[in-house]
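User: Please go through the strand pairing and the aromatic contacts of this structure.

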Amino acid sequence: MTRQDLLSVVQDFESPVYVYNASKIEAQYKRLNNAFKKVKKVKIHYAVKALSNISVLKLLRSLGSGMDTVSIQEVRMALEAGVAPEDIIFTPNGVSMEEIERAAGLGVQINIDNLSFLEQFGTKYPEIPVCIRINPHVMAGGNTNISVGHIDSKFGISIHQMPHIKRIVENTNMTINGIHMHTGSDILDIDVFLYASEILFRSAMHFDNLEFIDFGSGFKVPYKEGDIETNIEEFGEKLSERFNAFCKTYGKELTLAFEPGKFLVSEAGKFLVNVNVIKQTTSTVFAQVDSGFNHFIRPMLYGSQHTIENISNPKGRERFYSVVGYICETDTFANNRRIAEIREGDVLAFGNAGAYCFTMASNYNSRYRPAEVLWHKGKAHLIRKRETFEDIIRNQVPVEL
Ligand SMILES: *Cc1c(COP(=O)(O)O)cnc(C)c1O
């Protein structure tokens, strides 16, 4: 998408607005698939929570993707997008047994991540095969906010509890058809991931009826020039070889599964905002935009550094700005960032706005959640309308006082 394309989206749909470039999503999907071309059976389940617009799900489904879901609503969303139940995996954490039963009733693959529910589910439905989520206790990435495989993590059944798992499986006569790990976002080091994979392979040998091994996700994408990025090609080469060797040892051609969110959609997204005010204080120049952490919380929640481009004045002389929002809260998108001269009324584009951006938006300050646009084959398609005042008060029940 060119700057002109982005500006035309703001013109047609106003700001703030999220735009997703379909061809980038497609390229990422193909790149990941291609990295594992030496493995016979590969299945990519897109992590719906990253960006759950049904049109995006449909796009990914059309590429052959399955869906990774964490709530019954995401399961329903994937079904709504036309994804077959057998292409959906349900990997919840801490949800009720009732929710798991509902998902199983819809025919999706269940992934269980605690011993208590494994036993309850196996006792009640020994005929439904389940996948188990293993915690290999491996730290991938340095940020404890987003590394979920380490010892204190709430996710998965500890690898050290394998004897308990086996006892439950034997007692209930249930079938384990898959084994799963998700060590968290941001794989910086391929070797760390491969190390965790070895642990997964070892635990896989405890089960005779596996159909797939799910390696989760955690692929790192670049946020700015020079950022470290998971070398998918090298990673694919190494893991494919190891996976194929494992299948020989295991005696069966298993499916290699992944569930990337960020890798598929992060870079495809741009968040476009309008600059309301330029405010010069004694030490800083603030550019205040028509948004805040109600629409785009990653910079404040995770300290993520998203690129910011002034697409209205790309050739302007570069100056330092603090880009902040319009809500009554400290909502700093970037501090002292070099950006082409910003004037009131200019449009700024945030990069990497595809994953965990719109899906984390709220109505804080009674603002509307933004519109979403899919840029597909050179055309803008509105895939979610901006909210209205009616949306905000819809579920309020005024009481007569
Ligand atoms: C969130 C999540 C993913 C996706 O993680 P990304 O970092 O976006 O690729 C995959 N699997 C599970 C179980 C998740 O919870």
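This is a predicted model: local features need pLDDT of at least 70, side-chain atom pairs count only at pLDDT 80 or more; totals for chains, interfaces and linings use all residues.

User: Which residue stands opposite valine 42 in β10?
Analyst: β2 pairs with strand β10 (residues 255-258) in the parallel sense, over three bridges. Within β10, the residue opposite valine 42 is leucine 256.

User: What handedness does the β-α-β unit of β2, helix α3 and β3 have?
Analyst: β2 and strand β3 (residues 66-69) run parallel and are joined by three bridges. Alanine 47 stands opposite aspartate 68 in β3. With helix α3 (residues 54-63), β2 and β3 make a β-α-β unit that is right-handed.

User: How many aromatic pairs are there, and what geometry do phenylalanine 219 and phenylalanine 263 have?
Analyst: The count comes to 23 aromatic pairs. For phenylalanine 219 and phenylalanine 263, the ring centres are 5.7 Å apart and the planes stand at 65°, over the 60 degree cut-off, so the pair is edge-to-face.

User: How many residues apart are phenylalanine 219 and phenylalanine 263?
Analyst: Both phenylalanine 219 and phenylalanine 263 are buried. Phenylalanine 219 is in the loop between β9 (212-214) and α9 (232-250), and phenylalanine 263 is in helix α10 (residues 262-265), so the pair links distant parts of the chain, 44 residues apart.

User: Are phenylalanine 271 and phenylalanine 296 stacked, tilted or edge-to-face?
Analyst: Phenylalanine 271 and phenylalanine 296 are both buried. Their ring centres lie 5.5 Å apart and their planes are at 35°, so the pair is tilted.

How values were computed: Residues are numbered from 1 along each chain as its sequence is written. Side-chain values use heavy atoms; hydrogens and water are left out. Rings of Phe, Tyr and Trp (its six-membered ring) pair if their centres lie within 6.5 Å; planes under 30 degrees apart count as stacked, over 60 as edge-to-face and the rest as tilted. Helices (H or I, at least four residues) and strands (E, at least two) are DSSP runs, numbered from the N terminus. Buried means under 20% relative accessible area, exposed over 50%, partly exposed in between (1.4 Å probe, protein chains only). Two strands pair if DSSP finds at least two bridges between them. A crossover is right-handed if, with the strands pointing away from the viewer, the path from the first strand over the helix to the second runs clockwise.
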